[in-house]
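The sequence and structure come first, and the discussion follows.

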Protein chains: 2
Amino acid sequence: MADADLSALRGLWAEIQDLDAIEELLAWDQETGMPAAAGPDRADALASLAGLRHRRLTDPALRELVAVRSRDGLSAVEQAELARIRRRIDRAVAVPEELTRALARASSRGFDAWLEARRSRDFALFAPALEETVRLTREAATIRVGEGSAYAALLDDYEPGLEVAWLDDLFARLGEELRSRTAELPVLASGGDEAAPLYPVDRQRELVRGLSANIGFDFERGRLDPSEHPFCTALSPRDVRLTWRWDESDFRPGLFGVLHETGHGLYEQGLPELSRGSAIATTVSTLVHESQARFWENHVGRSAGFWRGLAASFVEHFPDTPLRTPEAMWQSVNAAARSPIRVDADETTYDLHIAVRYRLERALFEGDLSVRELEPAWDDLYAEVLGLRPRHPLEGVLQDVHWAAGLFGYFPTYTLGNLAAAQLREAMEDELGPIEVRLEQLETGSLLEWLRREVQSTITVPRKTVRS
Amino acid sequence: MADADLSALRGLWAEIQDLDAIEELLAWDQETGMPAAAGPDRADALASLAGLRHRRLTDPALRELVAVRSRDGLSAVEQAELARIRRRIDRAVAVPEELTRALARASSRGFDAWLEARRSRDFALFAPALEETVRLTREAATIRVGEGSAYAALLDDYEPGLEVAWLDDLFARLGEELRSRTAELPVLASGGDEAAPLYPVDRQRELVRGLSANIGFDFERGRLDPSEHPFCTALSPRDVRLTWRWDESDFRPGLFGVLHETGHGLYEQGLPELSRGSAIATTVSTLVHESQARFWENHVGRSAGFWRGLAASFVEHFPDTPLRTPEAMWQSVNAAARSPIRVDADETTYDLHIAVRYRLERALFEGDLSVRELEPAWDDLYAEVLGLRPRHPLEGVLQDVHWAAGLFGYFPTYTLGNLAAAQLREAMEDELGPIEVRLEQLETGSLLEWLRREVQSTITVPRKTVRS
């Protein structure tokens, strides 16, 4: 391939990456502070953007350049880069522009409807928008897979090659094991609605920002803002945005939310800054992304060593806390219980929440369940799997933002991420020795360095916003 | 024109409006909170966006639809709408896509360089970026006007038909009149660097947000954020964003900044919500925009009636203020002095600041002044026109964001806006009687209603971000 051709290819790809970054900004803004009335305009803008990107992705000039480059004798990395570009082009070409636009619009509207439904605690206000998103998502997935399972196509969006049968088996085995371990656990309601504000938000913000920075998140290249549901989005390695929410009667949702998102953010900030338009400098897959987030959240944040390191600062930030010793803090953040909210769940019960979502979203796409039936189905499954019933939809079907934003097939990557995080920890400790010792000094630099070397410098598919 | 053609035209135009709104969001984000390191990525994104929009504006399909519609028997409003679309297409067609992209990139980088230069109080850090922006702006303007004055083409961007000779005459007459009135005024330095924080920012925010809401700004359809230089940007009538900055030793920059931006914001929020893709529902011109801002800032905010209405709340917000009576407050906000900062200037000296900028930017584009000579030229002109010398570039050539962001030809509209605001007040009082009486009760609804009826429902060119 002539240098001019490669440069032209990079130029076209850089433009698509710019549009990706712009889309992330529009979505971030919608979730962090867009004026409430602007929803319809934002949906229009996102639809126009999706249409323009579709036209760029399906531009014959781009395909021609890819074909030319494919004829060269390429290195493994160059082949991987090209495969990534091709995968994205193929997916764009398969779905008509109009459908792509409609999906973008529906996802944006879905988010607004979800917000409104949460405010009224009424799933019915969200159901019509969700129906539309499911319908369009199924249509696009079906076009791509033909006779195959639409749900399988969605899984493939987040983890290339992930198969339904394999996941069925995994969740069956995992579910059985976990249910026998959790059946006797106490049932906890979410949120301490009436408890005293032991953990004022300003102090929480100071603590979690400091923690995030200490473990390596660079606030010159990122920021932290409030949102209804925590997430991390990356416009580039130099612009990585975390969000969080908090509870003034309980420090755990804020702290673990930020550790989780920081895990995502560290991955994004650590990506190599290659030449503009390179398709290779992106994260590997959602599974790998989640493994990084869950590593920092659980293997660091819920470890005894970490709390020995953090205890003094914790008490300084929250003088009224009843937790006075590292031991008490560590027990508090590891208390296992059957509770309704996934993101606040302990490690033992967490994957049961994922199993529920997996069964439900699969049923939605295999035609066994309609959106209208979703709320009672959700509640029944929680009764079956976790032995509790949500008291209201904020504790139930309205708790997660994913489906509102059109993300179906994403949830299983959390469980896979948990499994991968445990394996990574084992491999890390084989090399570094017990990490608890380092955490007592809040010495996390060597952990991050290990992750960057062993995990974050490998190769595959495009970046997406990652969710909690 | 067949309905299908009109609908196609509206569809194409809606997409361009969406790109405009997206550009506004990217710029707003860059000025309000983008991570510091992300500047180069933002410049790339804005350049890609400008390139895509250029391709949409120069799309033969769009031009064909405009030509078809031009053959119909059109109403005056339809003709005005079409003229607006044609004006924009013609301007896009005249400038090559590459130059359009380069200009967008340079303006974005210019803003970052300006920020950095402000932090170091060093014009030299800004000069290279400004040189590039001036060079590209001149190139684009020259392509458009051929043999004519490049600066005239820039004026026309903000106020169609505005002429250099006419402005020369205006500033000559105005300058003479104002200098005779201001020669004896005391000279004040900017900022009370060492004064006590009599006006804590939280209280200021509460007061100015409340004021803004009281005079009609709808926070469901807008927001207020901090920025280095105050501005108002509108993504749509449902998404209007004001910014402000403050000084804890002086309430005036914050309060008058917000009143000014609220004036802009009220105009944007009051635009009719017509069908998507209509080109008619935008503000008339920058002059008219500024007249609205300066009306609320000066004719309302610096009036005795307003301060009689506001005094009790003012003292409640700032119990330590030495200003204890409406009279004292009113005198404080009308104290005339020769001072270095334009946005903080009183009504008497304000237009002299504009005259300085007018002479400088004209010289920059007519080849009489290079960017390297700009700082001493600025300081000399201030000595000549206002009889003072900036102590450092924050008080001088680095004070305004406009040139950094590529806005040349904008400044004169402030003076024209001042003149128009005074005329509007006269016409308003002919109908409503003295507005002071209403302001004593903080009854501003009838003023806004009058402005919406008499000014804000008239017709001409596209919306832009408006600056302070």
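At 42% relative accessibility, Arg453(B) counts as partly exposed in this predicted model, and Glu431(B), at 48%, is likewise classed as partly exposed. The side chains of Glu431(B) and Arg453(B) meet in a salt bridge with an N to O distance of 2.7 Å. This pair links distant parts of the chain, since Glu431(B) lies in helix α16 (residues 412-432) of chain B and Arg453(B) in helix α18 (residues 445-454) of chain B, 22 residues apart.

Other salt bridges involve buried residues. Glu297(B) is buried at 2% relative accessibility, and Arg302(B) is buried at 8%; their side chains form a salt bridge at 3.5 Å, N to O. In chain A, Arg69(A) is buried with a relative accessible area of 7%, whereas Glu78(A), at 28%, is partly exposed, and the two side chains join in a salt bridge at 3.4 Å. Side chains of opposite charge can pair when their charged atoms come close. Over all chains, a search of the whole structure finds 98 salt bridges, among them those tabulated here.

| Salt bridge | N to O distance |
|---|---|
| Glu431(B) and Arg453(B) | 2.7 Å |
| Glu297(B) and Arg302(B) | 3.5 Å |
| Arg69(A) and Glu78(A) | 3.4 Å |
| Arg238(B) and Asp41(A) | 2.8 Å |

The contact between the chains draws 36 residues from chain B and 36 residues from chain A. Together the two chains bury about 3000 Å², of which 54% is on carbon and sulfur atoms. On the chain B side, Pro35(B), Leu52(B) and Arg238(B) lose the most area to chain A, together accounting for 18% of what that side buries.

Across this interface the rule finds 12 salt bridges, including the one between Arg238(B) and Asp41(A), whose closest N and O atoms are 2.8 Å apart. The count of residue pairs in polar contact between chain B and chain A is 20, with both residues at pLDDT 80 or more. The elements of chain B that each supply at least two residues to the side touching chain A are α1 (3-32), α2 (39-57), α5 (97-120), β1 (222-226), β2 (231-236) and β3 (239-244), and α2(B) gives the largest share, 10 residues. By class, the residues of this side divide into 15 nonpolar, four polar and 17 charged.

A network of salt bridges links residues of both chains, namely Glu15(A), Arg56(A) and Asp59(A) with Arg55(B), Glu97(B), Glu98(B) and Arg101(B).

Key: Residues numbered from 1 in each chain as written. Chains lettered and ligands numbered in written order. Predicted model: local features only at pLDDT ≥ 70, side-chain atom pairs only at ≥ 80, totals over all residues. Heavy atoms only, no water. Contact = heavy atoms within 4.5 Å. Buried area = accessible area lost by both parts, 1.4 Å probe. Salt bridge = Lys/Arg side-chain N within 4 Å of Asp/Glu carboxyl O. Polar contact = N/O pair within 3.5 Å; in protein donor to acceptor, adjacent residues only side chain to side chain. Helix = DSSP H or I, 4+ residues; strand = E, 2+ residues; numbered from the N terminus. Nonpolar A, V, L, I, M, F, W, Y, C, P; charged D, E, K, R; others polar. Buried < 20%, exposed > 50% of the residue type's maximum accessible area, 1.4 Å probe, protein only.
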